[in-house]
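Trainee: Could you take me through this model by question and answer, with the cut-offs spelled out as we go?

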Amino acid sequence: MAWTKYQLFLAGLMLTTGSINTLSAKWADMFNAKGCQEEPERPFSHPFLQAVGMFLGEFCCLAAFYILICHDKRRPEPRVNRGQSFNPFLFFPPAMCDMTATSIMYVALNMTSASSFQMLRGAVIIFTGLLSVAFLGRRLAPNQWIGIFITILGLVIVGLADFITGNKDSSHKLSDVITGDLLIIMAQIIVSVQMVLEEKFVYTHDVHPLRAVGTEGFFGFFVLSLLLIPMYFIPVGNFANNPRHVLEDALDAFCQIGHQPLILLALLGNTVSIAFFNFAGISVTKEISATTRMVLDSLRTLVIWVVSLALGWEHFHGLQVLGFLVLLVGTALYNGLHRPLLARIPCCARFANEEEGGSGERERLLNDGQVQTGDNS
């Protein structure tokens with residue numbers, strides 16, 4: 001069945017805004033500017049302030065939800081399911097997980113390349129699968145276990161590529177690259193906890209996906225904005241790349257933005273793109289399928305990698321190609337993207353049908369937008 005123009009637009013919007021989200025965050029990190037004091041120019045390194053901007057983008061999804069409701073009221077027959085009333089604080093625990101994981105990932109993005117950052121985020125399926133078995137009582141299909149093991153292999157290959165590249169690349173020290181990669185993987189453990197919490201406690205309620213993303217964005221934006229105040233006084237030594245060596249110096253960030261206004265453009269690109277990316281992702285799941293959303297998310301990694309190479313932000317390494325392909329295979333197997341291929345082979349069609357039956361409920365939940373509604377970057 002051919003896609004409509006609207007479906008093509010949604011797919012293109014998701015791919016474009018998802019790629020811009022990571023690339024704009026990395027672009028901000030690559031600027032050099034003077035701070036509040038009269039010192040030489042230095043890199044813009046303010047991951048927690050960047051995370052606040054990201055949550056502001058998610059918060060905008062709540063405004064989009066109410067605009068959608070107002071527009072729907074004008075129709076003779078309203079079509080939007082507003083969902084049942086719920087306690088907003090149901091979203092507070094997953095929002096705190098999101099806030100912690102996003103902050104860690106933005107710290108890591110300062111230490112490693114944009115492509116490795118995006119590839120290593122594939123580790124989330126490992127921890128989500130294991131935690132869903134432990135806490136949700138789910139039984140993983142054989143293809144999902146195989147997908148997990150292949151993903152682990154892909155992560156090892158990407159890590160090895162970073163280790164080799166880190167010895168040759170002067171833009172990132174080897175110690176920073178290794179630390180950044182480990183932080184990204186650690187953040188995926190927290191993201192998987194967030195997903196399990198959402199599935200166990202939140203999505204048993206009938207909540208519109210835009211409202212869910214916006215509510216989590218509100219909590220993340222509000223709490224992290226308040227935390228910027230104590231962060232201004234917490235010393236962390238050389239771990240922080242700011243003159244006062246504190247966890248986050250928001251005032252210094254604004255001074256750097258004043259000296260280099262293009263940083264503001266990069267930050268706005270991150271904020272706006274995450275809002276449109278969440279909207280497009282939810283719409284793709286609803287209008288096309290959850291499988292298409294997964295495929296587009298994998299293509300996003302490829303786009304980020306190609307653009308980073310074209311801009312000279314990183315150097316090509318053959319192991320990264322292998323690592324990306326292995327991660328792609330692992331993700332495809334875990335999410336059952338191999339079934340349409342098996343169904344075309346007569347001798348394998350029976351196995352494809354058996355697997356389809358075992359995973360149909362998850363596909364239904366995904367298509368209803370009730371397993372994972374948002375994406376933090």
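Trainee: Which residues does Ser 273 touch, not counting residues up to four places away in sequence?

Mentor: This is a predicted model, in which local features need pLDDT of at least 70 and side-chain atom pairs count only at pLDDT 80 or more, while totals for chains, interfaces and linings use all residues. Residues are numbered from 1 along each chain as its sequence is written, and side-chain values use heavy atoms, with hydrogens and water left out. Contact here means heavy atoms within 4.5 Å. With residues up to four places away in sequence set aside, Ser 273 touches Thr 17, Ile 20, Asn 21 and Ser 24.

Trainee: Is Ser 273 buried or exposed?

Mentor: Buried means under 20% relative accessible area, exposed over 50%, and partly exposed in between, with a 1.4 Å probe and protein chains only. Because the relative accessibility of Ser 273 is 4%, this residue counts as buried.

Trainee: Which side chain makes a polar contact with the side chain of Ser 273?

Mentor: A polar contact is a pair of N or O atoms within 3.5 Å; within protein, one must be able to donate a hydrogen and the other to accept it, and residues adjacent in sequence count only if both atoms are side-chain atoms. A polar atom of the Ser 273 side chain lies 2.6 Å from the backbone oxygen of Gly 269. The side-chain partner, at 3.3 Å, is Asn 21.

Trainee: Which residues have the most contacts inside the largest nonpolar core?

Mentor: A nonpolar core is a set of buried Ala, Val, Leu, Ile, Met, Phe, Trp, Tyr and Cys residues joined through side-chain atoms within 4.5 Å. The largest one has 66 residues, and those with the most contacts inside it are Phe 44, Leu 224 and Ile 263.

Trainee: Which helix gives the most to this core?

Mentor: Helices are DSSP runs (H or I, at least four residues), numbered from the N terminus. With 10 residues, the one that gives the most is helix 3 (residues 92-109).

Trainee: Which residues does Phe 44 touch, not counting residues up to four places away in sequence?

Mentor: Its contacts include Asp 29, Gln 50, Asn 110 and Gln 256. The complete list is Ala 28, Asp 29, Phe 31, Gln 50, Asn 110, Ala 253, Gln 256, Ile 257, Ile 263 and Leu 267.

Trainee: How much of the protein chain is made up of buried residues?

Mentor: The secondary structure of the protein chain comes to 14 helices and two strands (E, at least two residues). Of its 377 residues, the buried share is 51%.
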